[in-house]
Protein chains: 2
Amino acid sequence: MGSISKDIDSTKLLVKQADKLKPLQPADKLQFGRSFTDHILSVSWDVNTGWTEPVIEPYKSLELDPAAAVFHYAFCCFEGMKAYKDAQGNVRLFRPERNIQRLNRSAARVALPTFNENELLKVLIEYARLESRWVPEGRGFALYLRPTLIGTGADVSVSRPRSALLYVIASPVGNYFGSSGVKAISLEAASSPVRAWPGGAGDNKVGGNYAPTIVAQEQASERGLQQVLWLLGDPSVPEEHYITEAGTMNLFVAWVNPETNTKELLTPPLDGTILPGITRDSILDLARERLVPDGWTVSEKRVYMREIKEASEQGRLLDFFGAGTALIVSPIRSITWNGGVVDCGLKEGHEIGDLAQTVKKWIEDIQYGETEHPWSIVA
Amino acid sequence: MGSISKDIDSTKLLVKQADKLKPLQPADKLQFGRSFTDHILSVSWDVNTGWTEPVIEPYKSLELDPAAAVFHYAFCCFEGMKAYKDAQGNVRLFRPERNIQRLNRSAARVALPTFNENELLKVLIEYARLESRWVPEGRGFALYLRPTLIGTGADVSVSRPRSALLYVIASPVGNYFGSSGVKAISLEAASSPVRAWPGGAGDNKVGGNYAPTIVAQEQASERGLQQVLWLLGDPSVPEEHYITEAGTMNLFVAWVNPETNTKELLTPPLDGTILPGITRDSILDLARERLVPDGWTVSEKRVYMREIKEASEQGRLLDFFGAGTALIVSPIRSITWNGGVVDCGLKEGHEIGDLAQTVKKWIEDIQYGETEHPWSIVA
């Protein structure tokens with residue numbers, strides 16, 4: 001009958017391979033998040049018996065009671081991570097233990113069960129290996145992995161779910177901008193609606209942070225602006241507006257500091273309103289190692305819109321970019337804010353700034369195994 | 001083949017009755033939200049074809065792709081409403097059009113499809129009729145109806161779902177406090193975590209508002225306090241703490257106004273951080289009609305914790321209660337706040353204040369058809 005597994009146990013992994021494999025899509029036809037690989041990895045949990053044996057099996061629908069907690073109260077959290085193919089054909093993961101740690105932290109925030117991180121990492125690596133034929137080759141290409149944890153207990157009282165399901169699906173992703181290379185985006189700064197708030201859940205990757213952002217994103221898009229820049233600070237007092245994130249990315253500002261007159265790379269601090277991005281953390285580490293010797297300062301501190309505008313007007317704004325798993329860095333051309341447009345300092349005809357380009361190469365060289373680094377592990 | 005239905009059309013309702021009906025549970029064994037009736041009402045939506053024919057069919061599991069939007073980004077909203085049995089055995093609904101309106105508003109907030117409210121109301125009434133044997137008799141008993149709307153499109157890009165499912169399930173509910181009657185609860189006032197914030201989604205009944213509240217509720221419970229009183233205002237400045245909601249209820253304060261020295265019934269205003277409760281609205285309407293002639297003032301305005309504490313200390317706090325569909329009014333004995341306990345004015349040995357008792361009777365008399373009122377409709 002099998003013994004009851006209290007926590008996830010990678011040695012109990014059961015693999016049921018699909019009889020018939022799906023055809024791979026041509027690399028130029030890959031559309032993020034809409035097509036998935038042959039298999040799903042899942043582990044279920046029950047308040048009485050704990051975590052069951054992990055299973056990799058053919059991709060299939062989930063069958064859930066209409067009273068399942070996830071449908072009513074957003075008991076859900078997830079991760080976004082990628083598997084890359086290196087020049088030797090190995091599948092590589094980038095700091096995967098960080099995603100697993102963050103998933104556990106998100107789970108605790110929304111009353112979902114936590115788990116042994118090392119054991120989940122082991123079965124996740126098995127899954128990435130099994131799906132290796134789906135990892136496309138080439139810079140910008142990857143297999144996106146989506147670990148997801150949902151409350152499945154059929155109970156519409158507002159309480160901790162009594163059962164849950166952790167699963168991983170995978171979607172091959174192409175080079176976002178096709179052969180035309182990277183493209184700078186423009187942002188619409190918004191002080192309302194508000195994505196996250198001190199004491200809220202904006203520093204966790206929980207489902208509830210996302211659905212309420214869509215309408216604002218669509219409205220920005222209708223005005224020709226690709227992402228919303230989420231501000232905090234009293235909406236009626238523009239001097240108090242400070243930046244948090246843009247779309248689903250962390251933000252980095254490079255400027256000449258007006259007080260010290262030296263170059264500074266800034267990102268908003270992890271004050272509870274900011275997702276602790278793994279790309280963000282990696283950029284900070286590499287910048288401290290590689291930019292500081294060249295006289296740069298690297299800071300996590302609050303950045304006000306008025307400061308960005310002033311830097312732009314005074315020619316002190318060197319670069320401004322988003323950072324996340326999807327694009328590593330996403331260069332920003334301008335910000336519509338407070339009735340005006342702030343130019344972010346990109347040179348005429350350029351789609352990315354020098355620093356953003358450098359940072360992107362640092363990270364990608366590690367992800368694709370061109371630079372050997374402990375952050376990149378062979379699956 | 002049927003024509004494509006752009007919006008919900010009640011005349012297209014298809015009813016497939018269950019062959020075998022479940023046994024009813026004894027009234028004293030009813031447990032809210034864990035057992036459900038024989039049928040589910042559902043209508044599905046697709047971005048290309050609109051809403052399909054509504055169907056009432058045997059209660060069943062939902063089958064969804066693991067990439068369905070609801071699992072990842074909390075594309076979900078719901079309503080809570082009740083069907084009551086009157087002395088003549090009729091099934092009655094209380095202001096159901098208000099729940100349907102609010103569901104539509106919640107849907108729009110989280111980028112889910114909206115619908116014709118009258119048409120949904122008609123099929124909801126059909127559903128309540130069909131399940132009438134499940135509506136238990138007696139004060140405090142009811143059949144809880146749970147309209148739910150989820151994003152079902154299999155797409156993990158952060159965007160508007162391309163398909164959705166609206167469904168209604170129902171759970172019979174007993175007298176919450178059994179034969180012992182109503183019981184006053186004590187609250188733990190919390191300025192962090194925060195439930196909702198200006199510019200957030202706290203004024204809509206969307207899933208994401210709920211999961212992040214569970215851990216705080218459990219911690220209050222461990223300290224012997226039944227619900228969290230959600231505060232706003234700078235956590236580090238107790239003088240600025242003001243009340244919003246408690247648990248999942250709106251709040252009412254009755255006091256002698258310190259400036260006018262007259263009786264006042266207060267509730268926080270709909271400033272974007274408060275759920276526009278239908279019980280709240282009904283209490284306000286009835287209080288304006290029935291208390292104002294007796295010299296009361298009825299106000300929607302911000303109430304600070306320091307004001308409640310001062311009123312308590314000066315013997316001016318007459319009553320303090322939560323309001324919601326579950327219990328109509330939930331009397332409050334005390335609030336733990338800022339290192340002390342604020343007594344809410346209940347008399348020794350009493351579990352409910354005079355005003356709360358009066359208001360509860362007003363609403364229940366209408367809900368159970370004892371007082372004829374346009375708010376209560378026979379299904």
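This is a predicted model: local features need pLDDT of at least 70, side-chain atom pairs count only at pLDDT 80 or more; totals for chains, interfaces and linings use all residues.
In chain A, K205(A) carries a modified-residue annotation in an unreviewed UniProt entry, while L145(A) is listed among the residues with the most contacts inside the largest nonpolar core.

**The annotated lysine**

- The unreviewed UniProt entry places the feature "modified residue: N6-(pyridoxal phosphate)lysine" at K205(A), a residue that lies in the loop between β11 (185-190) and α4 (214-222) of chain A.
- K205(A) has a relative accessible area of 10%, and because this value is under 20% the residue counts as buried.
- Leaving aside neighbours within four places in sequence, K205(A) is in contact with C77(A), F78(A), E79(A), G80(A), R102(A), S106(A), Y210(A) and L275(A).

**The nonpolar core**

- The largest nonpolar core has 120 residues, and those with the most contacts inside it are F71(A), L145(A) and I150(A) from chain A together with F71(B) and I150(B) from chain B.
- In soluble globular proteins, nonpolar side chains tend to be buried together.
- With neighbours up to four places away in sequence set aside, L145(A) is in contact with E79(A), G80(A), M81(A), A83(A), L93(A), L124(A), Y127(A), I169(A) and A170(A).

**Helix pairs**

- In chain A, the axes of helix α2 (residues 96-109) and helix α3 (residues 117-130) come within 10 Å and cross at roughly 125°, which means that α2(A) is oblique to α3(A).
- The contact between these helices is made by P96(A), E97(A), I100(A), Q101(A), L103(A) and N104(A) of α2(A), and by E117(A), L120(A), L121(A) and L124(A) of α3(A); the crossing of α2(A) and α3(A) is right-handed.
- In chain B, the axes of helix α5 (residues 278-290) and helix α7 (residues 354-367) come within 11 Å and cross at roughly 110°, so α5(B) is roughly perpendicular to α7(B).
- On the α5(B) side, S282(B), I283(B), L286(B), A287(B) and R290(B) meet V359(B), W362(B), I363(B) and I366(B) of α7(B).

**A buried asparagine in chain B**

- N104(B) is found in helix α2 (residues 96-109) of chain B, where this asparagine is buried, with a relative accessible area of 8%.
- Not counting residues up to four places away in sequence, N104(B) touches T114(B), F115(B) and E117(B).

Methods:
Residues are numbered from 1 along each chain as its sequence is written. Chains are lettered from A and ligands numbered from 1 in the order in which they are written. Side-chain values use heavy atoms; hydrogens and water are left out. Helices (H or I, at least four residues) and strands (E, at least two) are DSSP runs, numbered from the N terminus. Buried means under 20% relative accessible area, exposed over 50%, partly exposed in between (1.4 Å probe, protein chains only). Contact means heavy atoms within 4.5 Å. UniProt positions are given in the numbering used here, feature names are shortened, and annotations may be inferred rather than shown by experiment. A nonpolar core is a set of buried Ala, Val, Leu, Ile, Met, Phe, Trp, Tyr and Cys residues joined through side-chain atoms within 4.5 Å. Axes are lines fitted to C-alpha atoms, for helices over the stretch in contact, and angles run from 0 to 180 degrees between N-to-C directions. Angles under 35 degrees count as roughly parallel, over 145 as roughly antiparallel, 65 to 115 as roughly perpendicular and the rest as oblique. A crossing is left-handed if the near helix is turned anticlockwise from the far one by less than a right angle, and right-handed if clockwise.
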